[in-house]
Amino acid sequence: MPERVELQQLVGGDMECQNRPRANNYSSTKCKSCPYLGLILATISSLFFSLCSVIVKGLVEINPMELAAFRFVGVLLPAIPIVIYKGDHPFPKGRRIMLLLRSFVGTTGLMLSFYAFRHMPLADASVIVFSVPVFVAIFAKIFLKEPCGIFNVVTVCLTLIGVVLITRPPVIFGNTVESLTDNHEKTEHVDLWGAIAAFSATLFGANAYVLLRALKGLHFSVIMTNFGSFALIQTIVVTWAIGALCIPRCGTDRLLVVALALFSFGGQILLTLALQMEQAGPVAIARSADIVFAFFWQVLFFNEIPNRYSVGGAILVTSSVLLTGLRKWAISLPETSSVRKSLGFLAI
């Protein structure tokens, strides 16, 4: 989740103000005919990204690291023609170390999330990975000296409690827990490494957003080009190092790999258009649909019914993400807005 839309979504007011006039010219007609079009596009993009997760979990004969490489093809291809059209330097001086660090952090985070999708229930992994925005404030406070109020502390605590319920660490819950699957009581073994990978992906992703804030002066196509290029090399090298580099089998496997890249590309484009038509806060809230889709796909495709711990944890994490998006939207409103005054508690 580390492309231009997420940069715009989490960088804050400066970046959004820079892009807003151009976005209004582009999308004013569309917004008048359908005022909720931006939210609809954001929801559809969540559908596409959730389908990417389904493909990663379903293609068991292809290593998640190799699938990550195919996913980054969908990031790189649309960025190259934009950089050429803009005429920007793809590797500007003074920003190269920061670009490389951002690319490494973002790539590692996505690789870990793909590992989690493979080794955890789809909904559980999606909920943990999707909690990234909640942790951004903590790392922004540490590295960028940005303010971090009581609201941020509360949402992080709620998210951590939700993650504990979802991952169910053996230290607290023991080695196994009971769950209902197919209306029968059975023992569920907790995949500790999958849970560690999911939470680590969240921390890497949060740091990627902090680095994006530091790079907010660069055009998004430059960041995407560097990220896609570096990520493609890193994923291929890692896949080769673990001996998992192979050509997908003919037939369904290759079609699904192509679909993975297409869904990644489509989800990114729709999310970009959504932010051109709507403010970042409501779009962040609409992206919570990713969690709903993940629970639906988990039951439909993998016949895995979430237990009470997963449902409870998902509610806590989703609530934190929704409140974070709502707060961002409230802060972006004019100071004279009655809505902002009624939501003043979110500013603490």
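Colleague: How are α3 and α14 oriented to each other?

Modeller: This is a predicted model, in which local features need pLDDT of at least 70, side-chain atom pairs count only at pLDDT 80 or more, and totals for chains, interfaces and linings use all residues. Residues are numbered from 1 along each chain as its sequence is written, and side-chain values use heavy atoms, with hydrogens and water left out. Helix α3 (residues 37–58) packs against helix α14 (residues 289–302) at an angle of about 40°, with the axes 9 Å apart. Angles under 35 degrees count as roughly parallel, over 145 as roughly antiparallel, 65 to 115 as roughly perpendicular and the rest as oblique, so α3 and α14 are oblique.

Colleague: Which residues of α14 does α3 meet?

Modeller: Contact means heavy atoms within 4.5 Å. From α3, the residues taking part include T43, L47 and V54. Their helix meets, in α14, A289, D290, F293, W297, F301 and F302.

Colleague: Is V127 buried or exposed?

Modeller: V127 lies in helix α6 (residues 122–130). Buried means under 20% relative accessible area, exposed over 50%, and partly exposed in between (1.4 Å probe, protein chains only). Because its relative accessibility is 1%, V127 counts as buried.

Colleague: What distance separates the C-alpha atoms of V127 and D290?

Modeller: Leaving aside neighbours within four places in sequence, V127 is in contact with residues including I291 and F295. V127 and D290 are 163 residues apart along the chain, and their C-alpha atoms are separated by 8.5 Å.

How values were computed. Helices (H or I, at least four residues) and strands (E, at least two) are DSSP runs, numbered from the N terminus. Axes are lines fitted to C-alpha atoms, for helices over the stretch in contact, and angles run from 0 to 180 degrees between N-to-C directions.
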